[in-house]
Amino acid sequence: MKAIVQDVYGSADTLRVRDIDRPSPAEGEVLVRVHAAGVGPDVRHVMTGLPLMVRPVFGLRRPRNPVRGWDGAGRVEAIGAKVTGLEPGDAVYGHLDGSFAEYALAKPERIAPKPQNVTFRQAAAVPVSAVTALQALHAKAGLKAGQKVLVIGASGGVGSFAVQLAVAHGAEVAGVCGGRAAKYVRSLGATNVVDYTCREITDSPRRYDVALDAAGNRPLPLLRRVLTPSGTLVRIGGEGGNRWFGDTGTQLRMALLTRFARHDLLGLLAVVRRADLLTLTALIESGDITPVVDSTYPLPQAPDAVRHLERGHPRGKVVLVVVPEA
């Protein structure tokens, strides 16, 4: 099968198209024929091997799994002996190990039936980004109807879902994005847009019950100033920091401060689970949220897709198309 592989950590230039053996599912695994795969910042972090603290998990000298990608949608090709509830031909989406390939393995508890009203391309945009937004707003922030929510990075993969999820839950949403994306963010349901190229989030007297930082590049004191006295900050981005530990210092300060401050200052490492995917499926099929695809690239152009992501500010998710009709 064809796959996007990486033998050494580095830039998008290290990604290569290669013919490799098709994986075989173990007794508790599912083999998925990948139709489309999502491209997100999580892929970039593993690709570069930075911060270095991630390497004991993903491979010390080189990526342990040379095939990139986690988000994916496709059809079940084969199932392990102990897998129940899934059959070959089923359309599924979720966390696929090495989704930048024609076939990928998955755990049944990390995939779910694909929403019937979206394409495979749209479905591939959902898993990591939408689950992250869902867990940030509900599991972490405990979002309630009527609350005021600020989404920083509102036009990106996670942000576009966060805006829609908060609106669907009855919140009043403000989105932070560049001016060119303002109309798009309003179309997602935001009633107010902050153009970060013209003003800072603290320039307005508005204060928010929940702030979701999907950009990860603002200092903690500034983020706290936009919260109500008992507000909650959920920080899911972690860009910057040093080569060894990345933004771990900010996460540690948040954990310490939240013990003494009235604010809840929370970090999030999302895990794609079937239960959350089923929740998202229901919201997608009801029309409450819609996956947004910024752009698509054929599988061999995966390096270009990553470079497009690195240039910044995609509106929604970048997606690799593995099966052209997907």
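User: Is Thr48 buried or exposed?

Analyst: Buried means under 20% relative accessible area, exposed means over 50%, and partly exposed lies in between, with a 1.4 Å probe and protein chains only. Thr48 has 16% relative accessibility and therefore counts as buried. Please note that this is a predicted model, in which local features need pLDDT of at least 70 and side-chain atom pairs count only at pLDDT 80 or more, while totals for chains, interfaces and linings use all residues. Residues are numbered from 1 along each chain as its sequence is written, and side-chain values use heavy atoms, with hydrogens and water left out.

User: Where is Thr48 placed, and with which residues is Thr48 in contact?

Analyst: Thr48 belongs to helix H1; helices (H or I, at least four residues) and strands (E, at least two) are DSSP runs numbered from the N terminus. Contact means heavy atoms within 4.5 Å. Beyond its neighbours within four places in sequence, Thr48 contacts Tyr9, Gly10 and Arg55.

User: Which residues does Gln122 touch?

Analyst: Gln122, in helix H3 (residues 120–124), touches Thr290, Pro291 and Val293, not counting residues up to four places away in sequence. Its relative accessibility is 22%, so Gln122 counts as partly exposed. Gln122 and Ala36 are 86 residues apart in sequence, yet 8.6 Å apart in space, C-alpha to C-alpha.

User: How is the span of a helix read, and what span does H5 reach?

Analyst: The expected span is 1.5 Å times one less than the number of residues. Helix H5 (residues 157–168) has 12 residues and reaches 17 Å from its first C-alpha to its last, close to the expected 16 Å. Gly170, which follows H5, has a positive phi near 90 degrees.

User: How many residues of H5 are buried, and against which elements do they pack?

Analyst: In H5, 10 of the 12 residues are buried, so the helix is largely enclosed by the rest of the structure. Among them are Phe161, Val163 and Leu165. The buried residues pack against several elements, including helix H4 (127–140), strand E8 (148–152) and helix H9 (274–285).

User: How is the packing of two helices described, and at what angle do H4 and H9 cross?

Analyst: Two packed helices are described by the angle between their axes and the distance between the axes. Axes are lines fitted to C-alpha atoms, for helices over the stretch in contact, and angles run from 0 to 180 degrees between N-to-C directions. The axes of H4 and H9 come within 10 Å and cross at roughly 95 degrees. H4 and H9 are therefore roughly perpendicular (65 to 115 degrees). The contact involves Pro127, Ala130, Val131, Leu134 and Gln135 of H4, together with Asp276, Leu277, Thr279 and Leu280 of H9. Thr279 is partly exposed, with a relative accessible area of 37%.

User: Which charged residue lies over the face of Tyr103, and at what distance from the ring centre?

Analyst: A charge sits over a ring if NZ of Lys or CZ of Arg is within 6 Å of the ring centre and within 35 degrees of the ring normal. Arg22 lies over the face of Tyr103 at 4.8 Å from the ring centre. The charged end of Arg33 also sits over the ring of Tyr103, 5.2 Å from its centre.

Note on methods
Angles under 35 degrees count as roughly parallel, over 145 as roughly antiparallel, 65 to 115 as roughly perpendicular and the rest as oblique.
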